[in-house]
Each structure stands twice: as structure tokens, then as C-alpha cells.
Amino acid sequence: MKFFIIGGKSLTLIMWLVMFYNLFMPFEGQVSIVLNILFFITVIMHFFQLLIFNTMFSSLLKLSFVDYLKVYFFGVFGLLVYRQKVLELDKAE
């Protein structure tokens, strides 16, 4: 599971960088338009995942601003890390 999360975070980071790069140095042709659309969708979806994260985990874990940033930038893979933390807390109790 840890390999899956690290791989997913790596791919997510690469996609963020490609989409952000495209904003300042657009690729040629239709690729630029597609990446701009994907960037917009990614920003919206990660915002909703951040709301889910706050709703589910704020009462279970003490969360900092950095925790919210990790979830925003890594999406589902960031959520999986905190899910594992909650499961470990449940096992310890």
C-alpha cells in the first residue's frame, strides 16, 4: 500500500507541474487547451477532496495547515495517508 501511495503522489506531483508549466509556457495545439481544462477540473476536485478531508478527519486527528496542503496537492493519495493514521489509532485503542 505504501508503494501505491508514493507512486500516486509522484504521478500527481508530475501532473501538477506539467499543468502549471502549461499556464506560463503553453504547449502547441490542442494539448494546451486540454491541459488548461484538466487544470481547472483538478483544482475544483482537489478542493472538494479538501472539504471531505476536513469533514472526516478534523474530529479524529489534530490537523495543521501543512496537512491540508498535502491533501490538496496529492488528492486521494493524501487522503489515504490520513486514513491509515486513523486506522492505526483505532488498532492502538
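## A walk through the helices

Start by selecting Ser-32, which you'll find in helix α2. Keep in mind as you go that this is a predicted model. Is Ser-32 buried or exposed? Its relative accessibility is 10%, and buried means under 20%, so Ser-32 counts as buried. Now show what surrounds Ser-32: skipping its neighbours within four places in sequence, you'll see contacts with Asn-22, Pro-26 and Phe-27.

**Next stop: Leu-23**

Select Leu-23, and you're in helix α1. Its relative accessible area is 38%, so Leu-23 is partly exposed.

**Into the core**

Time to look inside. The largest nonpolar core has 14 residues, and the ones that touch the most other members are Phe-53, Phe-57, Leu-61, Val-71 and Tyr-82. Colour the helices that give two or more residues to this core: α1 (2–24), α2 (30–57), α3 (65–74) and α4 (76–92). Which of them gives the largest share? That's α2, with 5 residues.

Zoom in on Phe-53. Leave aside its neighbours within four places in sequence, and Phe-53 is in contact with Ser-58, Leu-63, Asp-67, Tyr-68, Val-71, Leu-79 and Tyr-82.

**Where α3 meets α4**

Now hide everything but α3 and α4. They pack at an angle of about 135°, and their axes are 5 Å apart. Because of that angle, α3 is oblique to α4. Want to see who makes the contact? On the α3 side, select Asp-67, Lys-70, Val-71 and Phe-74. On the α4 side, pick Val-76, Phe-77, Gly-78, Leu-79 and Tyr-82. What kinds of residues are these? The contact of α3 with α4 divides into 6 nonpolar, 1 polar and 2 charged.

Stay on α3 for a moment. Asp-67, Val-71, Tyr-72 and Phe-74 are buried there. Bring the other helices back, and you'll find that the cover over these buried residues includes α1, α2 and α4. Step just past the end of α3 and click on Gly-75, which takes a positive phi of about 60°.

**Along α4**

Carry on to α4. How far apart are its end C-alpha atoms? They're 24 Å apart, which agrees with the span you'd expect: α4 has 17 residues, and at 1.5 Å a residue they should span 24 Å.

Which residues of α4 are buried? Select Phe-77, Gly-78, Leu-79, Leu-80, Tyr-82 and Val-86. Here the cover includes α1, α2 and α3. As you look down the helix, here's a handy rule: an α-helix has 3.6 residues a turn, so residues three or four places apart point the same way.

**Last stop: Val-76**

Finish with Val-76, also placed in helix α4. With a relative accessibility of 44%, Val-76 counts as partly exposed.

Note on methods: Residues are numbered from 1 along each chain as its sequence is written. This is a predicted model: local features need pLDDT of at least 70, side-chain atom pairs count only at pLDDT 80 or more; totals for chains, interfaces and linings use all residues. Side-chain values use heavy atoms; hydrogens and water are left out. A nonpolar core is a set of buried Ala, Val, Leu, Ile, Met, Phe, Trp, Tyr and Cys residues joined through side-chain atoms within 4.5 Å. Buried means under 20% relative accessible area, exposed over 50%, partly exposed in between (1.4 Å probe, protein chains only). Helices (H or I, at least four residues) and strands (E, at least two) are DSSP runs, numbered from the N terminus. Contact means heavy atoms within 4.5 Å. Axes are lines fitted to C-alpha atoms, for helices over the stretch in contact, and angles run from 0 to 180 degrees between N-to-C directions. Angles under 35 degrees count as roughly parallel, over 145 as roughly antiparallel, 65 to 115 as roughly perpendicular and the rest as oblique. Ala, Val, Leu, Ile, Met, Phe, Trp, Tyr, Cys and Pro count as nonpolar, Asp, Glu, Lys and Arg as charged, and the others, Gly among them, as polar. The expected span of a helix is 1.5 Å times one less than its number of residues.
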